[in-house]
Amino acid sequence: MKPEFWTDGVIVQLSPFARLFYQGTWNFACDRGHLADDPVGLKLKILPADDVDPEALIAELIKYGRIERRVTADGRKFLHVKRLPDHQKVDARWQSRCPYCAAQAEPVPPDDNPPSPAAPSQGSPSLPETPASDTEPPQTSPQGGIGGDGKGEKKASPSSSPRKRGTRIPDDFTVTAAMVEWARHRCPHVDGRAETEKFVNYWRAKSGKDATKVDWPATWRNWMLNAAERTPTGRASPSTDRRQQATDDQFQRAMERAQAREEGP
């Protein structure tokens, strides 16, 4: 972060929590500054233990021109951190992960199994060049290559398919009609709305490599099955039945005594 940030004419007018919230959005926005317009979800990620109103913080940042709201053609809502490139190093290879960029049909380079830059195979698409600074080398994948596996590229056979990568939970994750029908048959006693809300909040707040999944609907189904195991189905245990019967008997005796007092000798 640049030292000038703290004395910027606009930043000094923000409340302390608004400044911190603004900085937190940098971690969750794409390289063009887009992130889901989800005040509660952002609070869980940025200020999980603080008693603040995230909607008020966003309104404050919009008022001072640090953030703006955008809506896609299909009605999905996003926030745009207008000056994110001033604070973060932009790497265009990761723009394809942004739902807003995809909805706006902004051109993005392919990132599934690109050829090794040292020995590209004939006829394979090559990675577009990404400008690098004078002091920093191009970013590489965790496996050791620029989008590759660090061991050279094997020529893919016509029948092979690209390896599917895990992603974070989509900003527009929704439960389909087929998923609802599945839950009615497999988890009829589970509160589907409440469990889905907990599911989305948990995975949006989680960080690290374990926060990415290949199949989010399957992850949701596992969550619901676990919830079904924790949720009573309405059949009480024998010990619970006995305690309830004793309580009912005690109540009945108290009612009989009260009735006898009212009737008198």
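Analyst: A residue counts as buried when its relative accessible area is under 20%, as exposed when it is over 50%, and as partly exposed in between, computed with a 1.4 Å probe on protein chains only. The model is predicted, so local features need pLDDT of at least 70 and side-chain atom pairs pLDDT 80 or more, while totals for chains, interfaces and linings use all residues. Residues are numbered from 1 along each chain as its sequence is written, and side-chain values use heavy atoms, without hydrogens and water.

User: Is F199 buried or exposed?

Analyst: F199 is buried, because its relative accessible area is 0%. W216 is also classed as buried, at 5% relative accessibility.

User: How do I read a pair of aromatic rings?

Analyst: Two values describe such a pair: the distance of the centres and the angle of the planes. Rings of Phe, Tyr and Trp (its six-membered ring) pair if their centres lie within 6.5 Å; planes under 30 degrees apart are stacked, over 60 edge-to-face, and the rest tilted. There are 11 aromatic pairs in the structure. In one of them, the ring centres of F199 and W216 are 6.1 Å apart and the planes stand at 75 degrees, so this pair is edge-to-face.

User: Which parts does the pair of F199 and W216 tie together?

Analyst: Helices (H or I, at least four residues) and strands (E, at least two) are DSSP runs, numbered from the N terminus. F199 belongs to helix 6 (residues 192-205) and W216 to helix 7 (residues 216-230), so the pair ties together parts 17 residues apart in sequence.

User: How far apart are the centres of the rings of F199 and W223?

Analyst: Those centres are 5.5 Å apart with the planes at 80 degrees, so this pair is edge-to-face. W223 lies in helix 7 and F199 in helix 6, so parts 24 residues apart in sequence are tied together. Ring pairs join F199, W216 and W223 with F173, Y202 and W203 into a cluster.

User: In what order do the strands form the sheet?

Analyst: Two strands pair if DSSP finds at least two bridges between them. Here 3 strands make an open, antiparallel sheet in the order 1-3-2. Strand 1 (34-36) and strand 2 (67-71) are at the edges with a single partner strand each, so one side of each has no neighbour in the sheet.

User: Which residues are partners across strand 3?

Analyst: Strand 1 is joined to strand 3 (residues 77-81) by 3 bridges. H34 stands opposite H80, and L35 has L79 as its bridge partner. Strand 2 pairs with strand 3 over 5 bridges, including that of V71 with K77. Strand 2 and strand 3 form a hairpin with 5 residues between them, and G75 in the turn has a positive phi of about 95 degrees.
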